[in-house]
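This briefing describes one protein structure, topic by topic. Keep the sequence and the 3D view open while reading.

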Amino acid sequence: MRNHLLLKLLGAFLLVTLIGTLLVYTIISWATRNEFDLYTTRSNQAWAEQLSADLADYYTANQSWDGVEAVLQSGLEAQPTPGMMGNGMGHGHMQGRQTTAGMMMQMGSRLILADASGLVISDTSGEKTGSYLSENERSGGIEIIADGQQVGTLIAISASNSNVLTLAGQYIRNVNRSILRAAAISAAAALIIGAILFVQITSPVRKLQKAANSIAAGDFEQRVDIRSQDELGQLGNSFNLMAKNLEDSMLQRRMMVADVAHELRTPLTAMQGTLEAMKDGVLPMDDEQVNALYSETMLLNRLVGDLKLLSLADAGQLTLDKASTDVAYLIHQVVDRARTQAEQKNVQLETHIQPDLPEVELDPDRITQVMNNLIGNALRYTNPGGVITVSAALVGGRSLRVSVSDTGIGIPADQLPFIFDRFYRVDKSRTRVSGGSGLGLAIVKHLIEMHGGTIKAESPLGSDPTGRPYGTSISFVISAEI
């Protein structure tokens, strides 16, 4: 399902919203009820204290509690009782108490009046009238004192707030309804905002999915346009980089296949043409033609060997057999073997090796292969009368730097970054005539990197102080620590 992630996010958000709404409703409802109970309890206590003085006056005037039920039940009606009037209680004073009493009665409060012995004289609810209160029950009431003696106890009790017939019950019910209404509105608003945010969050994911499906189908030009700088933006950048690397890798693979086919076709075509000419009698089957065919087979053999070496290096199956090696002796051996070819081209070979070079842990066969490739490459591009210089020295006390410099034709600056690529040639026709496969420097780069080193090429313009052109210098640096 395309929006499966969006539905999951919305479902999770809805669940969290509902749980949060339930918690908020429960906590606020509980807190409101407790606070309201505390308020009514304190109000009842204050009301009871007000009534106790009036009831004391009532008892003093009547010397009994006869008729007090009507007073308690009516919550002190508009007209004061004769006893109270006789005690000098004015109408304005009574009006304030009647208002308080009426409010408390509306809130569902309950009054219990007991005499000095604990007998309940009046209970506004009628539940305990005629029964006796225990000492513990009377301890929470207000004592009524008349003529210096306790004549009764007045207890004010809050009715259950859940009773919707009371003002308190209606208040709690209305508060709960308001909480639920606010919670429902908040949850709906949160879901709408959450849906908008989740759509924005999942939109880049859908783009990534679409681009990934296209790449899986072979379209390596797909990219995603994610402009945010968060984790999704970083994921989009990584995806685009991966797609670019895949596209470059595919392009390089196609180019390599085409280059390999081209390189194999050249000697095979030459061999086929020579053999057909010999077969038709156009060319004699003598030593010269056999040697020409042999040279072409050697070229094919070297090309296949180079390709195998590179494929092993790419697969990580090429291993090094390192040993403590006298680098100066190794370089002299390579130079001495190349000197005959240099003399045939009228090219001078020079060495500048730092004295007392330490032995270095390396694979002598692979480094010999590197030196042969570098010197052979320099010989191809150095004209008669030129000079090739091989130098070696310690740099920084811990690294060995080996350079092969020539006074050849040089390499344009815009082509220097590509000379270590496979089948790359600055002068293709010149290289093919001289027998190069275009893989030598790629192999050199692989072997040096396997030694943990680096390699670079330089081709500055101009000449040195002796008037010799700078040509090309290729140097590599590897660790000199044993």
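**Overview**

The protein contains twelve helices and eleven strands. The model is predicted. Its sequence has 482 residues, and 37% of these are buried.

**The whole protein**

- Among contacts with a separation of 6 or more, 65% are between residues 24 or more positions apart.

- A nonpolar patch on the surface is formed by Leu15, Ile19, Leu23 and Ile27. Together, these four side chains belong to residues with about 400 Å² of accessible area.
- Is isoleucine 27 buried or exposed? Isoleucine 27 has 55% relative accessibility, so it counts as exposed, the cut-off being over 50%.

**Asparagine 176 in helix α6**

- Helix α6 spans residues 167-216 and includes asparagine 176.
- Asparagine 176 has a relative accessible area of 14%; buried means under 20%, so this residue is buried.
- Which residues does asparagine 176 touch, leaving aside its neighbours within four places in sequence? The contacts are Tyr25 and Ser29.

**Helices α9 and α10**

- Two packed helices are described by the angle between their axes and the distance between the axes.
- For α9 and helix α10 (residues 364-381), the axes cross at roughly 35° and come within 10 Å.
- The crossing of α9 past α10 is right-handed.
- On the α9 side, the residues that meet α10 are Leu330, Val334, Val335, Arg337, Ala338, Gln341 and Ala342.
- On the α10 side, the residues that meet α9 are Pro364, Ile367, Thr368, Met371, Asn372, Ile375 and Leu379.
- Arginine 337 belongs to helix α9, which runs over residues 327-344. Although Arg337 is listed among the residues of α9 that meet α10, arginine 337 counts as exposed, at 51% relative accessibility.
- How far apart are the C-alpha atoms of arginine 337 and asparagine 372? These atoms are separated by 9.2 Å, while the two residues are 35 residues apart along the chain.

- Lysine 244 is partly exposed at 41% relative accessibility, and aspartate 248 is partly exposed with a relative accessible area of 28%.
- Lysine 445 and glutamate 449 are four residues apart in helix α12 (residues 440-450), so about one helical turn separates them.
- In this pair, lysine 445 counts as partly exposed at 30% relative accessibility, and glutamate 449 counts as partly exposed at 43%.
- Glutamate 458 has 35% relative accessibility and counts as partly exposed. Lysine 456, with a relative accessible area of 42%, is partly exposed.

**Loop residues with positive phi**

- Glutamine 63 is a residue other than glycine, yet its phi is positive, near 55°. Glutamine 63 is placed in the loop between α1 and α2 (68-74).
- Aspartate 356 is not a glycine and has a positive phi of about 60°.
- Where is aspartate 356 found? Aspartate 356 sits in the loop between β6 (348-353) and β7 (360-362).
- With a relative accessible area of 79%, aspartate 356 is exposed.

Conventions. Residues numbered from 1 in each chain as written. Predicted model: local features only at pLDDT ≥ 70, side-chain atom pairs only at ≥ 80, totals over all residues. Heavy atoms only, no water. Patch = residues over 30% accessible without salt bridge, like charges linked within 9 Å, V, L, I, M, F, W, Y side chains within 5 Å. Areas by Shrake-Rupley, 256 points an atom, 1.4 Å probe, with all protein chains shown as cover. Buried < 20%, exposed > 50% of the residue type's maximum accessible area, 1.4 Å probe, protein only. Helix = DSSP H or I, 4+ residues; strand = E, 2+ residues; numbered from the N terminus. Axes fitted to C-alpha atoms, helices over the stretch in contact; angles between N-to-C directions. Left-handed = near helix turned anticlockwise from the far one by under 90°. Contact = heavy atoms within 4.5 Å.
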